[in-house]
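Biologist: Please go through this model with me, and for each term you apply, tell me on what grounds it is used.

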Amino acid sequence: MPLARFSQGVVSSGTSEIKRIDITGIAMCLRNGSKENMASVEEKFRTLGIANAPGQEVRQRSADVTHHRQGEMIAGDLVDFSHGDVDAFPPPPGSFERFAEAVEIGGRQAYTEYRGSASIRAEVARDLADFTGAPVQSDLGIIITPGTQGALFLAIAATVGDGDKVAIVQPDYFANRKLVEFFGGEIVPVALDYLGAEKDAGLNLAQLRAAFEAGARTFLFSNPNNPTGAVYSATEITAIAVLAKEFGVTIIADQLYSRLRYGNKDYTHIRAAGLPEEQVVTIMGPSKTESLSGYRLGIAFGSPAIIERMEKLQAIVSLRAAGYNQAVLQTWFREPDGWMNERSIQHQAIRDDLVAIFRAAGLPTRLPQAGSYLFPTLPALAVTLEEFVKLLRLQANVIVTAGTEFGPHPNSIRLNFSQDRKAAVSAAHRIVQMVQIYKA
Ligand SMILES: Cc1ncc(COP(=O)(O)O)c(C=O)c1O
């Protein structure tokens, strides 16, 4: 190491000649060192590319693909499947009123503890304990974050260091892979046979065991799975818990969509599957099912040691989730009777329409058991997937996310079907037309 060499030289010599040589040496090493650093920082941010990430598609340059265009323009209103439509599905009543009341409260609400207002944490902890079937410590075991994404970032930062192996499902939420890479972790992929399985999500448990045997000490997964809508069965969750216990693995479970389930689909919370509390962090939030994404609220709960680290980091990132917005969490899990059931029925109808359209066109598509994502498989195309996604926007006014964001899935596209039903159906037909045009 350059600094060690320099100080050894000074200690062992004392002659100005050697000092001079070593000073030159350290100057060179520092120069080289900073170059190496620069390269690694550049590399880190290069792999964080956001041009194809959900919500960013509108920033893609259509001009890049105009020369690939075949066929006519396909008319229809813009449908943006990269995220849900909060106008088609507005938030439950009372959220804005709680926000306005918080503004009236003023400073006390603006400057909460870094981990969030103690009274709001206590209310949310009770609801989350009821929902998940295992106690939540409102003082030590929960943190309110800016969005579920904020919780994911803090949780990975609190568990993954340089060179650590992390087991990650393929496909899974686009940020998981990027976060692990950003913090210097090494991804150990675990396959999800989402098209082959029906009752299970399709997790390859042999690969999960192999990942733990190879040294992975963190397992990060979303359940329901984004992008496929698969829900892990009780058998799979139990098997994951047994393996995690055997190898001392920390589980980070992103359960953002676990409230929006279809046909009373049963759901097993991994935090209630017999693991010690310190081995599990669960992440949720009101952004999606409850359409409260604009308030940027998320929750992590479970292991007090990890939550404490997350709070330390939040103290140097955002200090806290926006104080007034935190109050909106007081509407969470308190929607009017029947509200959640109605939301689920409406989404199920859109799901069924779209799955029927894609399957009729020969695009293999898993029937989501929860959440609002579809991940149809496309046939081989005459253009690249990225080009197809751009052409879809340019030629058919439909925005989708490339499957490559979720792992090595160059033949898939992801859609968030939380949209106006008629608009979603029209856009799905346009996707099928585009596939016909660009089929290889
Ligand atoms: C699985 C999953 N986790 C986290 C997030 C981020 O959600 P939020 O808007 O609460 O930050 C999303 C958003 O799409 C998601 O699908």
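Biologist: Which residues in α8 meet which residues in α9?

Modeller: L205, L208, R209 and F212 in α8 meet A239, I240, L243 and F247 in α9, where contact requires that two C-beta atoms, placed from the backbone, lie within 7 Å. This is a predicted model, in which local features need pLDDT of at least 70 and side-chain atom pairs count only at pLDDT 80 or more, while totals for chains, interfaces and linings use all residues. Residues are numbered from 1 along each chain as its sequence is written.

Biologist: What makes α8 and α9 roughly parallel to each other?

Modeller: The axes of α8 and α9 (residues 234-247) come within 10 Å and cross at roughly 15°, the axes being lines fitted to C-alpha atoms, for helices over the stretch in contact, with angles from 0 to 180 degrees between N-to-C directions. Angles under 35 degrees count as roughly parallel, over 145 as roughly antiparallel, 65 to 115 as roughly perpendicular and the rest as oblique, so α8 and α9 are roughly parallel. The crossing of α8 with α9 is right-handed, a term for a near helix turned clockwise from the far one by less than a right angle, with anticlockwise giving left-handed.

Biologist: What makes β9 and β11 edge strands?

Modeller: Three strands form an open antiparallel sheet in the order β9-β12-β11, pairing being counted if DSSP finds at least two bridges between two strands. Two bridges join β9 to β12 (residues 413-416), and Y373 stands opposite N416 in β12. β9 (373-374) and β11 (401-402) each have a single partner strand, so one side of each is left without a neighbour in the sheet.

Biologist: Which strands stand at the edges of the seven-stranded sheet?

Modeller: That open sheet has the order β2-β8-β7-β6-β5-β3-β4 with mixed pairing, and its edge strands are β2 (142-146) and β4 (186-191), each of which pairs on one side only. The twist averages 20° from one strand to the next. Within the sheet, β5 (residues 218-222) and β6 (residues 250-254) pair in the parallel sense over five bridges, and S222 stands opposite D254 in β6. Helix α8 (residues 205-213) packs on the sheet, touching β3 (165-170) and β4, and makes about 160° with the direction of β4. Helix α10 (residues 304-317) lies across β2, β7 and β8, running at about 35° to β2.

Biologist: Which helix gives the most to the shell around the ligand?

Modeller: Helix α6 (residues 147-157) gives the most, with four residues, helices here being DSSP runs of H or I with at least four residues and strands runs of E with at least two, numbered from the N terminus. In total, 13 residues surround the ligand, and the closest are G147, T148, Q149, N226 and S287, a residue being near if its C-beta atom, placed from the backbone, lies within 6 Å. The shell divides into three nonpolar, nine polar and one charged.

Definitions and conventions. Ala, Val, Leu, Ile, Met, Phe, Trp, Tyr, Cys and Pro count as nonpolar, Asp, Glu, Lys and Arg as charged, and the others, Gly among them, as polar.
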